[in-house]
Amino acid sequence: MKYTEGTEIRDTKAPAGPIEERWEKRKFSAKLVNPANKRKLQVIVVGTGLAGGSAAATLGELGYNVKSFCYQDSPRRAHSIAAQGGINAAKNYRGDGDSIYRLFYDTVKGGDFRARESNVYRLAQVSVNIIDQAVAQGVPFAREYGGLLDTRSFGGAQVSRTFYARGQTGQQLLLGAYQALERQVAAGTVEMFTRHEMLELIVSDGRARGIIVRDMVTGEIERHMADAVVLATGGYGNVFYLSTNAKGCNTTAIWRAHEKGAYFANPCYTQIHPTCIPVSGEYQSKLTLMSESLRNDGRVWVPVAAGDTRAPGDIPDDERDYYLERIYPAFGNLVPRDIASRAAKNVCDEGRGVGPGGLGVYLDFRDAINRLGRDAVEKKYGNLFEMYERITGEDPYTQPMRIYPAVHYTMGGLWVDYDLQSTIPGLFVIGEANFSDHGANRLGASALMQGLADGYFVLPTTIGDYLANGPYGEVDEEAVAEAEIKVRTKIDKLLSINGTRTPDSFHRELGKIMWDYCGMERTEESLRKALELIPSLREEFWRNVKVSGSAEELNQVLEKAGRVADFFDLAELMCLDALVRTESCGGHFRAESQDADGEALRDDENFAHVSAWEHTPDGPVLHKEPLEYEYVKMSQRSYK
Amino acid sequence: MNLTLKVWRQSGPKDSGRMVTYQAKDVSPDMSFLEMLDVVNEQLILAGDDPIAFDHDCREGICGMCGMVINGVAHGEQRATTTCQLHMRHFEDGATVTIEPWRAAPFPVVKDLVVDRSAFDRIIQAGGFVSVPAGSAPDAHSLPVRKEDADDAFDAATCIGCGACVAACPNGSASLFTAAKITHLSLLPQGQPERIARAKSMVDQMDAEGFGGCTNTGECTAVCPKGIPLDTIARMNSDYLKANAK
Ligand SMILES: Cc1cc2nc3c(=O)[nH]c(=O)nc-3n(C[C@H](O)[C@H](O)[C@H](O)COP(=O)(O)OP(=O)(O)OC[C@H]3O[C@@H](n4cnc5c(N)ncnc54)[C@H](O)[C@@H]3O)c2cc1C
Ligand code: SF4
Ligand code: FES
C-alpha cells in the first residue's frame with residue numbers, strides 16, 4: 001500500500017507554561033455560551049458508554065439540546081459495562097506516596113513515551129473529581145470497615161490507587177452515567193435514540209453538522225443536524241474478530257469520519273490483555289477476560305520442560321517456571337500488560353504452553369489458598385472463579401486456571417487536539433474512540449478514567465468554546481443528500497451481491513490475518529503479507545458476500561456486513577501504520593526492534609511522534625505530530 | 001452432539017408468530033448457547049433463509065442484552081446464568097430444545113426473540129437516579145458509608161436489566177427490577193433526600209407501563225441471573241407505603 005508524507009501536525013490548543021496550570025488556563029480562556037443561547041444549540045452525541053453517556057448527561061444539564069444515539073436497545077448496555085478491574089485516581093487516600101504527578105508520571109511511562117504530556121497531566125488532575133462525582137451519584141464502590149473507600153493495586157503500578165466495585169466497576173460507573181443520562185431524558189434536554197446506528201457524518205462548509213443513521217428496527221434512514229457532533233463510539237479491537245470486546249463494537253462511525261477528513265492516529269497500537277481464557281474451538285465468538293486483579297494473588301507459571309503434559313498438580317515446584325517472577329523480580333506477576341502478554345507468548349513459542357494446542361499458561365492460586373485460606377480467596381475473587389468454571393467446565397480452586405493473551409483495547413483512534421476536537425471542526429471525539437492519552441501501552445484501570453474525564457469534565461468545557469464562536473449558518477442541503485445517498489448505495493450494494501459466504505466468515509478470516517500478522521508481534525514480512533491478503537479478501541467480500549433479508553426490517557446480517565466492510569479498510573491502515581513504525585513500543589512490538597533481553601526497543605530518534613493519517617483519494621498521507629517531553633525524561637522502560 | 005430446536009419465529013410486532021423446527025448438528029459441549037445459535041444462523045443464511053434474530057452484545061453475562069426463554073425457563077434451567085453464559089455441556093445429545101422470546105405485554109416482540117424493553121428505561125427516567133450535577137461533587141471521603149450498607153447496595157445494583165424477572169412472573173410484574181434499583185439507592189446516604197419520592201414515582205411508572213402487580217410467587221428471583229433477592233421487593237413496598245402515607 002502506497003502512502004505519502006504530509007506536513008507536520010501540531011496541537012495548538014494546549015496552553016504553554018507550567019503543566020499544572022495548563023488545564024486551568026485553558027478553561028479560563030475558553031469562551032462561554034450564555035444560558036439562553038445554550039437552549040438554541042443542538043449537539044449530537046453518538047455512543048452512550050462512559051464517555052458518551054457522561055458527556056450527553058452533562059451537556060444536557062448545562063442546557064444544550066442533546067441527541068444521544070446507541071445501537072443497543074438501551075444506553076445502559078454500552079460496552080463500558082463490561083469493565084471489571086477498576087478505575088485509577090490520584091486521591092492518595094492510602095498515603096502511600098501517590099500524587100497527581102505520580103499518576104501522570106506512571107501513565108506517560110506506561111504509554112512508552114508515545115502520549116502527550118499535557119493531556120496525560122490533565123487526566124491525572126481530573127481523575128480526582130471523577131471519584132467524587134461517581135460517589136455522589138451513588139456508585140457503590142468497595143469500602144473499608146471504617147466507611148471509607150477501598151483501593152487496590154493494579155498491573156504496572158506500585159501504589160494502591162485503583163477504586164473498584166467488586167469485579168464490576170465498569171457496570172457500576174456506567175449505571176451512574178446512564179442514570180444521570182435518563183434524568184436528562186426525563187428533563188427533556190436529551191432525546192435518546194436507541195437501536196440507531198450512525199452510518200455517515202455530514203460535513204458542510206468544512207464543519208461537522210450532522211449524521212445519517214439507520215433505525216435498526218424499521219430500516220428507515222434518518223438525517224439529524226446539529227451545531228456540533230461528538231463521537232464516543234468506543235474501540236475497534238473487533239477488527240481481530242476474537243477479542244474481549246462486546247460483539248457489536250465496531251469502527252464504522254470513526255471510519256466514516258476518517259473518510260470525511262478526520263485524521264486517524266496511531267491505528268496500530270493495540271493492547272493485548274495477558275489474562276484471558278484461551279480459545280477452545282473454531283465456532284468461538286469472543287474471548288473472555290479474567291480480571292487482571294487476579295495477578296495480585298495468582299502466580300503465573302509453565303512447566304520447565306517443553307512438552308510436559310502432566311497434570312499441573314503432578315508437576316513439582318522445582319519443575320515449574322514462575323517466569324514473570326524470575327525475569328522481573330521487582331514487579332513479578334504485576335508487570336504491565338504488554339510485558340506479561342509477550343512473556344506468555346514466548347514461553348508458548350518455546351513449546352512450554354499448557355492446555356489444548358499449547359496456547360495457555362497457568363494462573364495458579366494454590367499458594368494464595370494455602371496462605372489466606374479458601375474462604376478469603378473466594379471472598380476476593382469468587383465471581384471471577386465462577387465465571388471461569390462456567391466457561392471452561394474446570395474448577396480453579398483445585399486446578400490452576402489457564403490463561404492466554406487476547407486483543408483487548410485499542411489505543412489508536414481519531415486524532416484530537418487538547419480540546420478533544422478532531423481535524424474536522426465541530427467534530428469532537430472522546431473515550432476509546434480517540435487516540436489521546438494512552439500512548440502505546442494503556443495501563444490497567446485508565447480507560448475508564450479517560451472516558452469519564454472526557455465526558456464529565458473536559459468536553460463540556462471545550463465544546464462550549466467551539467459553540468460560542470458560532471453560529472455556523474445553514475447546513476448545505478447537498479452535503480446532506482450526498483451523505484444519505486452514500487449510505488443507501490452501500491446498503492443496496494450489500495443486499496444485491498447474494499454470494500456464497502456469510503459476513504461472519506469474512507470477519508473470521510480477516511481477524512485471523514490480523515492476529516497472525518499484526519498481533520502481539522509484528523515483522524516487516526508479516527505486515528507485508530497482511531497488506532497483500534487484506535485487499536484480496538476485501539475484493540472477494542464485495543463480490544461474494546451473502547446478506548439475507550431486506551433493508552426495511554430488523555436485519556442483523558446487514559448490520560454485520562456493513563461493519564465488516566469498514567473493518568477491511570481499517571485493517572489495512574493498521575498494518576500500514578505498523579509497517580512504517582520500525583520501532584517497538586508498548587502495544588506495538590516489531591520483532592526487528594528488540595534489545596539483547598528481548599525487550600521492546602524504542603527508537604526515540606525517529607519515532608517520538610504521533611502518526612496521524614489523512615484519508616485522500618490518492619491514498620493515505622502521514623502527518624507526524626512531534627512529541628516533546630519536558631517533565632518526564634524519556635528513558636527505556638524497565639520493570640526488572 | 002445433535003439437537004432439535006423449536007424456535008419462535010415472528011417477523012414483526014404485527015405478525016402472529018409460530019414455532020419452527022431446526023436441526024442443530026455437531027454442537028460442541030464447549031459452545032455457549034448463543035454460539036450454537038450463531039452456527040445454526042450461518043447455515044440459514046447460506047440456505048437463503050432468514051436467520052433467527054436475537055439480542056446479545058457483551059456475551060459475558062453483564063450487559064443484560066441477551067435473553068430468551070429456553071425450555072420454558074427464562075435464560076434456561078441453569079440458575080443464576082444469563083443465556084450468553086449458558087453452555088451446551090448442560091444439554092443432552094439428541095434433546096429437543098424450545099426457544100421463545102420474553103413474553104410480557106410491556107415487552108412487545110420486535111422480531112423473533114428480540115423484544116422491546118424500553119419500559120425499563122422509562123422506569124429509571126421516573127426517578128432512578130440521584131440528582132447531582134456534574135462537576136461540583138464534594139470529596140468522596142466526606143460521607144463515610146458503612147461497609148455492610150455499601151455491600152448490600154452493590155448487591156442490589158448488580159441487576160443487569162435483562163427482564164428475565166418479568167418474563168418469569170405469572171403476572172408480568174417488573175417488581176424485582178424496580179426494587180433492585182430502589183434498594184441500591186435507598187441503602188446509601190446519597191440516595192436519602194429523594195428516597196421516598198423516588199419509590200413513589202418509579203412504582204407509579206411501573207404500573208403505568210402495564211406491568212402486573214407482585215403476588216410474591218418468587219418466580220422472578222428463581223430466574224434472576226444476578227440473584228437479586230425477594231426482600232428487595234419488601235423494601236420497595238415499605239418506601240412506597242411511606243410515600244402514600246404522607
Ligand atoms: C472486558 C473488558 C474489561 C475492561 N476492564 C477495564 C477496567 O477494569 N478498567 C479500565 O479502565 N478499562 C477497562 N476496559 C476498557 C474500557 O472498558 C473501555 O475502554 C471503555 O469502557 C470504553 O468506553 P467508551 O465510552 O469509549 O466506549 P463504549 O463503552 O464502547 O461505548 C460505545 C458506544 O458507542 C455506541 N456506538 C458505537 N458505534 C456506533 C454507531 N455506529 N452508531 C451508534 N452508536 C454507536 C455503542 O452503542 C455504545 O453506546 C475493559 C474493556 C473490556 C473489553
Ligand atoms: S432483577 Fe434480575 S432478572 Fe430482573 S432485570 Fe434485574 S438482573 Fe434481570
Ligand atoms: S450478551 Fe450481555 S448479558 Fe448476555
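**Figure 1. Ligand 1 and the backbone of Ala232(A) in the predicted model.** In this predicted model, a backbone N or O atom of Ala232(A) is placed 3.4 Å from an oxygen atom of ligand 1. The ligand itself lies between chains A and B, and 38 residues are found around ligand 1, of which Gln72(A), Ser80(A), Gly85(A), Met198(A) and Glu432(A) come nearest.

**Figure 2. The shell around ligand 2, with cysteines of chain B.** Ligand 2 is surrounded by 13 residues, and the closest of them are Cys159(B), Cys162(B), Gly163(B), Cys165(B) and Cys224(B). Helix 4 (164–168) and helix 5 of chain B are the elements that give two or more residues to this shell. Sorted by class, the shell around ligand 2 holds 11 nonpolar and two polar residues, with no charged residues.

**Figure 3. The contact between chain B and chain A.** The contact draws 74 residues from chain B and 76 residues from chain A, and the two chains bury about 6,200 Å² between them, 54% of it on carbon and sulfur atoms. Between chain B and chain A there are 44 residue pairs in polar contact, counted where both residues are at pLDDT 80 or more. On the side of chain B that touches chain A, helix 1 (33–46), strand 6 (109–111), strand 7 (114–115), helix 2 (118–125), helix 3 (147–157) and helix 5 (175–186) of chain B each supply at least two residues. Helix 3 of chain B gives the most to this side, with eight residues, and by class the side of chain B that touches chain A comprises 37 nonpolar, 16 polar and 21 charged residues. Chain B, whose contribution is described here, averages a pLDDT of 96, with 100% of the residues scoring at least 70, and the model scores ipTM 0.97 and pTM 0.97.

**Figure 4. Salt bridges that join chain A and chain B.** Side chains of opposite charge can pair when their charged atoms come close. The count over all chains comes to 83 salt bridges, and the count between chain B and chain A is seven. In one view, Asp73(A) forms a salt bridge with Arg117(B), with the closest N and O atoms 3.2 Å apart. This pair crosses between chains, running from Asp73(A) in the loop between strand 3 (65–69) and strand 4 (87–88) of chain A to Arg117(B) in the loop between strand 7 and helix 2 of chain B. In another view, the side chains of Glu42(B) and Arg508(A) meet in a salt bridge, at 3.3 Å from N to O.

Figure 5. The peptide bond from Gly470(A) to Pro471(A) is cis, with omega near -5°, and Pro471(A) lies in the loop between helix 12 (447–468) and helix 13 (477–497) of chain A. Arg166(A) is located in the loop between strand 6 (162–163) and helix 6 (169–187) of chain A.

How values were computed:
Residues numbered from 1 in each chain as written. Chains lettered and ligands numbered in written order. Heavy atoms only, no water. pLDDT = per-residue confidence, 0-100. Contact = heavy atoms within 4.5 Å. Buried area = accessible area lost by both parts, 1.4 Å probe. Salt bridge = Lys/Arg side-chain N within 4 Å of Asp/Glu carboxyl O. Polar contact = N/O pair within 3.5 Å; in protein donor to acceptor, adjacent residues only side chain to side chain. Helix = DSSP H or I, 4+ residues; strand = E, 2+ residues; numbered from the N terminus. Nonpolar A, V, L, I, M, F, W, Y, C, P; charged D, E, K, R; others polar. Near = heavy atom within 4 Å.
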